[in-house]
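Student: Could you take me through one part of this structure up close? I'd like to look at the pocket and the helices around it.

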Amino acid sequence: MKRLLIGLVRLYQKLISPLFPPTCRYNPTCSNYMIEAINKHGLKGVLMGLARIGRCHPFVDGGEDPVPDTFSLKRNSKQQS
């Protein structure tokens with residue numbers, strides 16, 4: 001199941017994403033975040049990816065938002081030293 005979900009995201013990255021200008025506000029990009037979240041958290045990673053996509057809009061600051069080690073639907077911004 002994980003391979004199928006990751007395959008769908010990769011298909012999006014190859015076929016759909018290039019049709020639009022780059023507008024990602026986060027690092028890693030939402031599609032890469034989804035793949036990482038699925039690899040780390042299985043099916044819960046899909047929810048994490050969808051929550052991340054929901055947070056991505058023109059009024060957000062963006063920046064670093066790595067996939068957390070524990071399941072969470074909130075932003076995981078690293079503290080700056």
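Tutor: Let's begin with the word itself: a pocket here is an open set of grid points with protein on both sides within 12 Å along at least five of seven lines. Keep in mind that you're looking at a predicted model.

In the largest pocket there is about 460 Å³ of space. It's lined by 15 residues, and the closest to its centre are Tyr12, Ser17, Cys24, Cys30 and Ser31. Two elements, helix H1 (2-16) and helix H2 (30-41), each give two or more residues to that lining.

H1 and H2 pack at about 170 degrees, and their axes are 10 Å apart. Because angles over 145 degrees count as roughly antiparallel, H1 is roughly antiparallel to H2. On the H1 side, the contact uses Lys2, Leu5, Ile6, Val9, Arg10, Tyr12 and Gln13, and these meet Ser31, Asn32, Met34, Ile35, Ile38 and Asn39 of H2. Sort that contact by class and you get seven nonpolar, four polar and two charged residues. Spot Tyr12 and Ser31 in there: both are also among the residues closest to the pocket's centre.

H2 has another partner, helix H3 (residues 44-55); their axes come within 7 Å and cross at roughly 155 degrees. So H2 is roughly antiparallel to H3 as well, and the crossing is right-handed. From H2, the contact takes in Cys30, Tyr33, Met34, Ala37, Ile38 and His41, while H3 brings residues including Lys44, Val46, Met48, Leu50 and Ile53. That contact holds nine nonpolar, three polar and three charged residues.

Pro28 lies in the loop between strand S1 (26-27) and H2. Most peptide bonds are trans. The one from Asn27 to Pro28, though, is cis, with omega near 5 degrees.

Notes:
Residues are numbered from 1 along each chain as its sequence is written. This is a predicted model: local features need pLDDT of at least 70, side-chain atom pairs count only at pLDDT 80 or more; totals for chains, interfaces and linings use all residues. Side-chain values use heavy atoms; hydrogens and water are left out. On a 1 Å grid over the protein atoms alone, a cavity is a set of points where a 1.4 Å probe fits but cannot get out, and a pocket is an open set with protein on both sides within 12 Å along at least five of seven lines; lining residues have an atom within 4 Å of a point. Grid points are joined across faces, edges and corners, and a volume is the space filled by probe spheres set on the points. Helices (H or I, at least four residues) and strands (E, at least two) are DSSP runs, numbered from the N terminus. Axes are lines fitted to C-alpha atoms, for helices over the stretch in contact, and angles run from 0 to 180 degrees between N-to-C directions. Angles under 35 degrees count as roughly parallel, over 145 as roughly antiparallel, 65 to 115 as roughly perpendicular and the rest as oblique. A crossing is left-handed if the near helix is turned anticlockwise from the far one by less than a right angle, and right-handed if clockwise. Contact means heavy atoms within 4.5 Å. Ala, Val, Leu, Ile, Met, Phe, Trp, Tyr, Cys and Pro count as nonpolar, Asp, Glu, Lys and Arg as charged, and the others, Gly among them, as polar.
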